[in-house]
Amino acid sequence: MNKQVRKAVIAGNWKMNKTPAETTALINEMKPLVAGADCDVVLCVPYVDIAAAVEAAKGSNIKIGAENVHFKASGAYTGEVSAEMLTACGVEYVVIGHSERRQYFGETDQTVNLRTLAAVNAGLKAIVCVGETLEQRELGYTETLLKYQTKMALTNVSKEQLENIIIAYEPVWAIGTGVTATAEQANEGNGFVRAAIAEVYGKDVAETVTVQYGGSMNAANAEELVAQEHVDGGLIGGASLKANDFSVIVKAASK
Ligand code: PGA
């Protein structure tokens with residue numbers, strides 16, 4: 001990554017794991033291990049764990065995020081949570097458009113855009129996920145797809161609002177599979193995302209946007225991945241559930 005213009009962000013995505021008690025224990029274990037990191041450290045946790053996470057992270061450099069947010073302020077949307085509810089609980093970040101939400105819960109590029117706008121309008125930092133499937137990659141559509149998803153997610157997002165947006169490039173074939181993209185593939189995908197941002201907001205602005213890589217990033221491969229020009233940190237699933245592994249990744253991004 002280019003440390004002159006961008007700060008690395010390492011964000012854990014706990015997915016559907018951990019009870020509140022387990023949340024407290026894991027964050028207490030992580031705190032001393034990630035203290036003093038030269039990158040932003042975020043843990044995105046299930047809604048029911050937010051209160052425990054915010055409490056456990058108090059006084060540390062760990063920031064707490066949610067894993068989704070609805071785009072309406074309030075109303076008859078059973079099971080959903082608004083951006084204002086999240087900020088009121090001390091949440092600072094939110095993951096939007098993760099491929100598991102797109103794949104299993106009908107998330108579309110339009111709803112990803114609406115959720116992104118709702119998040120930044122409420123003062124949250126949005127971690128917006130994009131990524132191609134293996135089939136799309138093999139058909140040669142990776143660049144087209146990544147640029148399309150990035151531009152769709154950012155529709156009506158102003159230059160100022162972009163300061164609160166992180167894009168996470170997560171090839172679907174690399175998520176939870178143990179198959180990591182090579183450093184070159186990660187850098188290329190992140191580069192496509194940055195190029196799409198440049199096409200809309202200009203090159204100078206695009207250079208300042210944090211673009212993470214995600215998909216089986218772990219303690220062993222993090223250093224090589226974050227050393228790539230366009231890889232400004234990571235969105236970490238499995239390895240964010242282990243304090244030691246997560247802290248090794250944070251240290252790699254702090255170098
Ligand atoms: P993984 O998940 O690190 O377990 O592959 C990444 C993600 O889904 O954000």
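Modeller: Setting aside neighbours within four places in sequence, Asp109 is in contact (heavy atoms within 4.5 Å) with Arg102, Tyr148, Gln149 and Met152. The model is predicted: local features need pLDDT of at least 70, side-chain atom pairs count only at pLDDT 80 or more, and totals for chains, interfaces and linings use all residues. Residues are numbered from 1 along each chain as its sequence is written, and side-chain values use heavy atoms, with hydrogens and water left out.

Biologist: Is Asp109 buried or exposed?

Modeller: Buried, at a relative accessible area of 15%. Buried means under 20%, exposed over 50%, partly exposed in between, with a 1.4 Å probe and protein chains only.

Biologist: Which side chain does Asp109 join in a polar contact?

Modeller: That of Arg102, at 2.8 Å. A polar contact is a pair of N or O atoms within 3.5 Å; within protein, one must be able to donate a hydrogen and the other to accept it, and residues adjacent in sequence count only if both atoms are side-chain atoms.

Biologist: Switching to the ligand. Which polar backbone atom is 2.9 Å from a ligand oxygen?

Modeller: One of Gly238. On the side-chain side, an N or O atom of His98 is 2.6 Å from a ligand oxygen. For Asn13, a polar side-chain atom lies 3.5 Å from an oxygen of the ligand.

Biologist: And how much of the ligand does the protein bury?

Modeller: 95% of the 280 Å² that the ligand exposes when taken alone. Those areas come from the Shrake-Rupley method with a 1.4 Å probe; for residues, only the protein chains shown count as cover.
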